[in-house]
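I opened my notebook to look through this structure step by step.

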Amino acid sequence: MQVKVIEIKGSADSRASVDKPWQTLKEGAVLARGAWIQTGLKSRVYLKFGDNTVVQIKSASLLEISEAGRDGNRMTGRLKLALGNVHVEVDKSDQIVDFKVITPQVTTSVKGTGFDVRTYSDLRTTRVDVQHGRVRADN
């Protein structure tokens, strides 16, 4: 499954894996499993997973796309949020969605919803805000 960069506001960099150099991220780029993204101050990156899931990576964030796949009508996505804030919007219209945001403290699972996950630099605090629908948070 493709993870496509659909919009960038401000500055952002990516690397194909943890051992690769950082490069300027461009709109239209297609990212694979293992890719890392970091956003600059006052910057945002919008990703599209498959057909229906949009992720907004907010200012001063660092994350890894640890899984992105499709098997029939089942879409799987995993983001490892090392620092910062993401907003996830999932439309489960014609598919089963297994999407999670993993932080050092908590794993948040989608239940057909929109939500924000923020992890702080102290690596002890994570905040989950649900805009609509339901999520599950486990630690």
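**Entry 1: a charged pair**

With which residue does aspartate 116 form a salt bridge? I looked it up and found lysine 58, with the closest N and O atoms 3.4 Å apart. I note that this is a predicted model. I then checked where the partners sit. Aspartate 116 is in strand E12, while lysine 58 is in the loop between E7 and E8. They are 58 residues apart, and the pair links distant parts of the chain. Buried or exposed, I asked of aspartate 116 and lysine 58? I found both of them buried.

**Entry 2: the other salt bridges**

I counted four salt bridges. Next I turned to aspartate 98 in strand E10. Aspartate 98 forms a salt bridge with arginine 74, where the closest N and O atoms are 3.3 Å apart. Arginine 74 belongs to strand E9, 24 residues away from aspartate 98. Aspartate 98 also pairs with arginine 78, with 2.9 Å between the closest N and O atoms.

Aspartate 98 has a relative accessible area of 17%. The cut-off for buried is under 20%, so aspartate 98 counts as buried. Arginine 78 is buried as well. Arginine 74 has 36% relative accessibility, so I list arginine 74 as partly exposed.

**Entry 3: the whole chain**

How many helices and strands are in the chain? I found zero helices and 14 strands. I checked the overall size next. For 139 residues, a compact globule would have a radius of gyration near 14 Å, and the chain agrees, with 14 Å. The C-alpha atoms fill a box of roughly 35 × 35 × 25 Å along the principal axes. I noted that 43% of the 139 residues count as buried. The chain exposes about 7200 Å², and carbon and sulfur atoms supply 45% of that area. I also looked at contacts between residues at least 6 apart in sequence: 43% of them join residues at least 24 apart.

**Entry 4: the core**

In soluble globular proteins, nonpolar side chains tend to be buried together. I looked for such a group. The largest nonpolar core has 28 residues. Leu47, Phe49, Ile65 and Phe99 have the most contacts inside it. Several strands each supply at least two residues of this core, among them E1, E6, E8 and E12. Which strand gives the largest share of this core? I found E9, with six residues. I then followed phenylalanine 99: leaving out residues up to four places away in sequence, its contacts include Phe49, Val55, Leu79, Val88 and Val110.

I looked up glutamine 105 in the loop between strands E10 and E11. Glutamine 105 is buried, at 18% relative accessible area. Its side chain makes a polar contact with the side chain of threonine 119, at 3.2 Å.

Glutamate 89 is in strand E9. I found glutamate 89 partly exposed, at 29%. Its side chain makes a polar contact with that of histidine 87, at 2.9 Å.

Last, I checked asparagine 52, in the loop between E6 and E7. Asparagine 52 is partly exposed, at 22%. Its C-alpha atom is separated by 6.3 Å from that of valine 90, 38 residues apart along the chain.

Key. Residues numbered from 1 in each chain as written. Predicted model: local features only at pLDDT ≥ 70, side-chain atom pairs only at ≥ 80, totals over all residues. Heavy atoms only, no water. Helix = DSSP H or I, 4+ residues; strand = E, 2+ residues; numbered from the N terminus. Buried < 20%, exposed > 50% of the residue type's maximum accessible area, 1.4 Å probe, protein only. Polar contact = N/O pair within 3.5 Å; in protein donor to acceptor, adjacent residues only side chain to side chain. Core = buried A, V, L, I, M, F, W, Y, C linked by side-chain atoms within 4.5 Å. Contact = heavy atoms within 4.5 Å. Rg over C-alpha atoms; globule rule 2.2 N^0.38 Å. Areas by Shrake-Rupley, 256 points an atom, 1.4 Å probe, with all protein chains shown as cover. Salt bridge = Lys/Arg side-chain N within 4 Å of Asp/Glu carboxyl O.
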